[in-house]
Amino acid sequence: MSRCTWALVDEELGQQIAATSEPNAKQWLFTHMQSLAHSLFVKLAVTLWAIWAARRKAIHEGIFQSPHAIHSFMVRFIQELEMIREEGGREVRANPAARTTTARRPKAPPHGHCKIHVDAGVRPGQRGVAVAVCRDSDGNYLGSSALSIHGLHDPATLEVIACREALTLASDLNVHQFVISSDSKQAIDDINGGAMG
């Protein structure tokens, strides 16, 4: 798959890669960073990243992508990068309504407490995921936990499981003063109302 993907990339880039015989991967990358034109180095970096991501999906998720699908993703990604770079030199006008809204930061926990954000997601027909991320009052990352449950598709149940996963995470991190933050009103109402999830 990797060789077929590289075969779809520019011939000039392929020749320069083949001509480099640096055995150290880090030095190999730095050598190409210095010797290649910026556009070719971007293609090299995006190609390496796309092949790595496709390999990870094949190994961990059982999702196999064709070399053409990987190459078309790379082309679209590089086009978006170029578009962003072009827009960086000129002022981009935003929607007037969007200017009135400001980005809200999450509310910090009380001093000396940690905050554990929880969330859940569902992949229809496959599995549900419950996630908990713990940060201290200064916003520093302390730890996280993710739980994948095959066959569970109810978002409300997954949100409550995410809250319970937060309790387990707090125990694992030896955190005793903490706040759990969830965006699921139903899960919070169930817990506060005595339904206990």
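Visitor: Why does Phe-77 count as partly exposed?

Guide: Phe-77 has 27% relative accessibility. Buried means under 20% relative accessible area and exposed means over 50%, with partly exposed in between (1.4 Å probe, protein chains only). The value for Phe-77 lies in between, so this residue counts as partly exposed. Before we go on, please note that this is a predicted model, where local features need pLDDT of at least 70, side-chain atom pairs count only at pLDDT 80 or more, and totals for chains, interfaces and linings use all residues. Residues are numbered from 1 along each chain as its sequence is written, and side-chain values use heavy atoms, leaving out hydrogens and water.

Visitor: What makes the pair of Trp-49 and Phe-77 tilted?

Guide: Rings of Phe, Tyr and Trp (its six-membered ring) pair if their centres lie within 6.5 Å; planes under 30 degrees apart are stacked, over 60 edge-to-face, and the rest tilted. Here the centres are 5.0 Å apart and the planes stand at 50 degrees, so this pair is tilted. Trp-49 sits in helix α4 (residues 38-60) and Phe-77 in helix α5 (residues 67-88), so the pair links distant parts of the chain, 28 residues apart. As for Trp-49 itself, its relative accessibility of 38% makes it partly exposed.

Visitor: Which residues do ring pairs link into a cluster?

Guide: They are Trp-49, Phe-73 and Phe-77. The structure holds three aromatic pairs.

Visitor: Is Cys-134 buried or exposed?

Guide: Cys-134 has a relative accessible area of 0%, so it is buried. Cys-4, with 44%, is partly exposed.

Visitor: What makes β3 and β4 edge strands?

Guide: Let us begin with the sheet: it is open, with four strands in the order β3-β2-β1-β4 and mixed pairing. Each of β3 (141-150) and β4 (178-182) pairs on one side only. Strands are DSSP runs of E with at least two residues, while helices are runs of H or I with at least four, numbered from the N terminus.

Visitor: How many bridges join strand β1 to β4?

Guide: Five bridges join β1 (residues 114-123) to β4, and the two run parallel. Two strands pair if DSSP finds at least two bridges between them, so β1 and β4 qualify. In β4, Phe-178 is the bridge partner of Cys-114.

Visitor: Why is Ser-145 called buried?

Guide: Ser-145, in strand β3, has a relative accessible area of 18%, so it falls under the 20% limit and is buried. Contact means heavy atoms within 4.5 Å, and Ser-145 touches Ala-130, Val-131, Ala-132, Glu-165 and Leu-169, not counting residues up to four places away in sequence.

Visitor: What joins the side chains of Ser-145 and Glu-165?

Guide: A polar contact of 2.3 Å does. That term means a pair of N or O atoms within 3.5 Å; within protein, one must be able to donate a hydrogen and the other to accept it, and residues adjacent in sequence count only if both atoms are side-chain atoms.

Visitor: How many helices and strands are there in the protein chain?

Guide: The chain has eight helices and four strands. Of its 197 residues, 23% count as buried.
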